[in-house]
Structure formats: C-alpha cells, structure tokens
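Dear colleague,

I am passing on the structure below, together with some notes on its sheet, its helices and its cores. Please read them beside the coordinates.

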Amino acid sequence: MDRKNDFLRILKKNSELMSILDEVSVLNLPNYYLAAGSVFQTVWNYSDGDNLMTGIHDIDIVYFDKEISADSSAKNDKKLEQVLSEKFSYQFDIHNEAYMHLWHNGNKVPYKNTENAIERWIATVHAVGITGNSRNIDIFAPYGLEDIFTKTIRPIYYVDNNRYFMKIRLLGGKKDLVI
C-alpha cells in the first residue's frame, strides 16, 4: 500500500513542523532533511488524536557538506541549533552527515550523502526524512512508510548498528528486552 499521500497530508497539518521546514529551507544547507522523531511522531500523534507536536522535544536536521571542515561544521551546527531554538520552542539537533563517521571513535564507514546516512539509522521509523518546504515536500523513506503507520519499530541491521547501541536507543535502555 502506498502511504505517501496520507503521509504528506498529515505532515502538512502540522503547522509548527511546516514552519520549521520553511525556515530550514532558506538556510542553504546542502542535501538537508528534517528527519526521524519529529516526522514519524507527527503521524503517530495524528493517529492517536493528539496535538501533532506532542512528545516532540527536539528536531533532527541532517545535511551533507564536505566543503567545510569537521570543526567548522560542528561550530556552525551549534550556532544554527541556538538560532533555531530561540525562534522555535524546541531543541534542535543539527549534524553534517559528512563527518558522522568520526563519532564513536571513528569506527563507522563514512556516509556517501545524507540519504546513505538515513538508510543506515537505527530503525525503519527513524529512517525517514523530508526536505523542500511546506508547499513542496520531498520524502526519503528507504524502508517505506508502512512501519510508521503501524507503529512498528523495526531495527535496521547494519554493521554499525551493534546490539548494545540498538538496545539503548530503541528500547530506552531496558536491559531485559532483547533484539
């Protein structure tokens, strides 16, 4: 079943998220996406009849830019997070995916682009991003949208996604649950 139209219709109802997307669209971040929690949580909130921003405390923004250094990128990301947090009442988590392989002791295979990063995230519901603006939204969902609509948290098995990390991130540290 193709859920794209339903997904877009629901996202466009989230006026706060659309305002954020519009603001990000003018920042000129290359290969950018609003991704993960704020995106899938909007759909979950809609299906539960909740305010569409319920439970959304941070907004993930990812992009890919090898033209700037890792240090400059990190500094710029922090500045953008602060500016956006002052404009909107949310915490922002902005990362240049070109340098994410340097995290966790540099043991990750570098990403080729933002899409390559998203497809290697921890679970299928996290692996979704939107780009563009509120009038023209493009979606990247390499594992489809069905898991978002069924609220199925399905791990993405990838060499970088080890069991401990998956347990902590997916299950909130509940050590008795096994993936």
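This is a predicted model: local features need pLDDT of at least 70, side-chain atom pairs count only at pLDDT 80 or more; totals for chains, interfaces and linings use all residues.

Residues are numbered from 1 along each chain as its sequence is written, and side-chain values use heavy atoms, with hydrogens and water left out.

Helices (H or I, at least four residues) and strands (E, at least two) are DSSP runs, numbered from the N terminus. Five strands form an open sheet of mixed pairing, in the order β3-β2-β1-β4-β5, where two strands are taken to pair if DSSP finds at least two bridges between them. β3 and β5 (136-140) are the edge strands, each pairing on one side only, and the twist from one strand to the next averages 30°. Axes here are lines fitted to C-alpha atoms, for helices over the stretch in contact, and angles run from 0 to 180 degrees between N-to-C directions. Within the sheet, β1 and β2 run antiparallel and are joined by three bridges, with Leu34 standing opposite Ile61 in β2.

α3 packs on the sheet, where it touches β1, β2 and β4 (contact means heavy atoms within 4.5 Å), and its direction makes about 55° with that of β1. α1, for its part, lies across β4 and β5 and runs at about 125° to β5. The 12 residues of α3 reach 16 Å from first C-alpha to last, close to the 16 Å expected at 1.5 Å a residue, the expected span being 1.5 Å times one less than the number of residues. Just after α3, Gly49 takes a positive phi of about 75°.

A nonpolar core is a set of buried Ala, Val, Leu, Ile, Met, Phe, Trp, Tyr and Cys residues joined through side-chain atoms within 4.5 Å. The largest has 36 residues, and those with the most contacts inside it include Phe7, Leu34, Ile61 and Ile148. Elements that each supply at least two residues of this core include α1 (4-13), α3 (37-48) and β2 (58-63), while α2 gives the most, with five. Apart from this core lies another, of 15 residues, among them Ala36, Val62, Met100 and Ala127. Not counting residues up to four places away in sequence, Ile148 touches Phe7, Phe40, Val43, Trp44, Val125 and Val128.

With best regards

Methods
Buried means under 20% relative accessible area, exposed over 50%, partly exposed in between (1.4 Å probe, protein chains only).
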